[in-house]
Structures are given as C-alpha cells and as structure tokens.
Amino acid sequence: YEIIEVTGVQTCALPISSCENCSGDLETECTSCVAPDYLNEDGTCSTSCSPGFYESGTDCLPCSGQCATCSGGTPTDCESCSGATYLDGSTCVTDCPDGFYAETTAPQRCLPCDGTCDTCDGESETDFIGCVAPYYLDPTGACVIECTGNTFENPTTRNCDPCSSNCATCRSPTAAECTSCPANTFLEGTTCVPTCASGTFG
C-alpha cells in the first residue's frame, strides 16, 4: 500500500482492499472501510460480518454471550446459539422452558412440544415426559385420553400407572380395586380371587 497522511489520518491510496483509512500497510491494519464494506475486529474489511459479529454502522461488533449469530450486541439479540445453549425467542438459554424441547441441530432452537404434552425431549410421541389434562402419559411415552391394559389413570401424576399384578385392569395400584382379573382368577367385588366364594360362580 501507499499511505498518504493528511492532517494526521493515514489514508490508503491504493484500493487493493476496501480499506479507506489504515494504521499501516497490511490488510489487517484498516481503521475504516470504503462503503458498503464493514470493518472487522481483526482490522480487515469485508462485504458482510463474520458469524459471531453484527453490523453496526460500518463496523462489525461482537455478539453477546452465547449468540452464534445476532442482530445486535445485547443478550436478547441472538439469532442462533453456540455451545450447549438453545434459542428461546431471541435469547440463548441452557434449558428450554416447560412445553418446549431443545433442537440439537443448528440453529439450536427451543421448539414447542406437541399440544397434548407439557414437557418433552423431542417432537415424536416417544419423547413425551408429561401430559396436559385431560391426557395421561402411557408406558410407551404417548399422551392418551384413556389408559389401557394393566394401567390406570393417575390424576395426580397424569401418568398411566401400573395396576397390581393381581388385577388385569384396575382403578388404583392396590389389589383391592381391580375392575377385571387375570386368567384363572375371579372378580369378587373389586378383588381378584382364585376361587369363587360359596354360593357364587365364575
């Protein structure tokens, strides 16, 4: 470069790069760039800012915190995230809020769970962790309206919890609240018994 000093400012006279002003004769010694190029932190000029930086006037300034890309310098200006953080709106978080799961590929967003579940690890039914009323989480990980098989609806946990092994179907985990019985046993009231009481038949 040929450097011309005018009133204390070194102007790069040869337009080999888009340096407008510089502090030396290297491409990494730009102090301002010819529009519409941007000044990078390393003293070079480019037509756009590198990932991890945003355009501010004619400068490229660093993104904040865990932002991989951003539109500004605050933690709420993220467009994608770096490391083990996930984009929740325009902020990078280490854990997605309830009702959302972490996308493991770029841009690493917090995506909403299926409408039947309140917590999940992913978008498929096998990724559900908890269900919203009136749904219950069954043993396969799906949210269902009615529990089937050897399970019953637990309104406290919103899970399909297992019945007692004495019951085929039930209303609670105790052996005293069966609604049907396994093979070779008989329902007496709400209990499964091996033989019917005298005066009754199975």
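Cys 147 is buried, at a relative accessible area of 9%; buried here means under 20% relative accessible area, exposed over 50%, and partly exposed in between, using a 1.4 Å probe and protein chains only. This is a predicted model, where local features need pLDDT of at least 70, side-chain atom pairs count only at pLDDT 80 or more, and totals for chains, interfaces and linings use all residues. Residues are numbered from 1 along each chain as its sequence is written, and side-chain values use heavy atoms, leaving out hydrogens and water.

Cys 147 pairs up with Cys 160 in a disulfide, S to S 2.0 Å (a pair of cysteine sulfur atoms within 2.5 Å). The S-S torsion is about -85 degrees, so this disulfide is left-handed. Cys 160 is buried too, with a relative accessible area of 7%.

## Other cysteines

The structure holds 13 disulfides. One of them joins Cys 163 and Cys 170, with sulfur atoms 2.0 Å apart, and both of these residues are buried.

What about Cys 196, how far is its sulfur from the closest cysteine sulfur? That distance is 9.4 Å, to Cys 181, which is too far for a bond. Cys 196 counts as partly exposed, at 27% relative accessibility.

## Around Asp 138

Cys 160 also turns up next to Asp 138, which touches Val 144 and Cys 160, leaving aside residues up to four places away in sequence (contact means heavy atoms within 4.5 Å).
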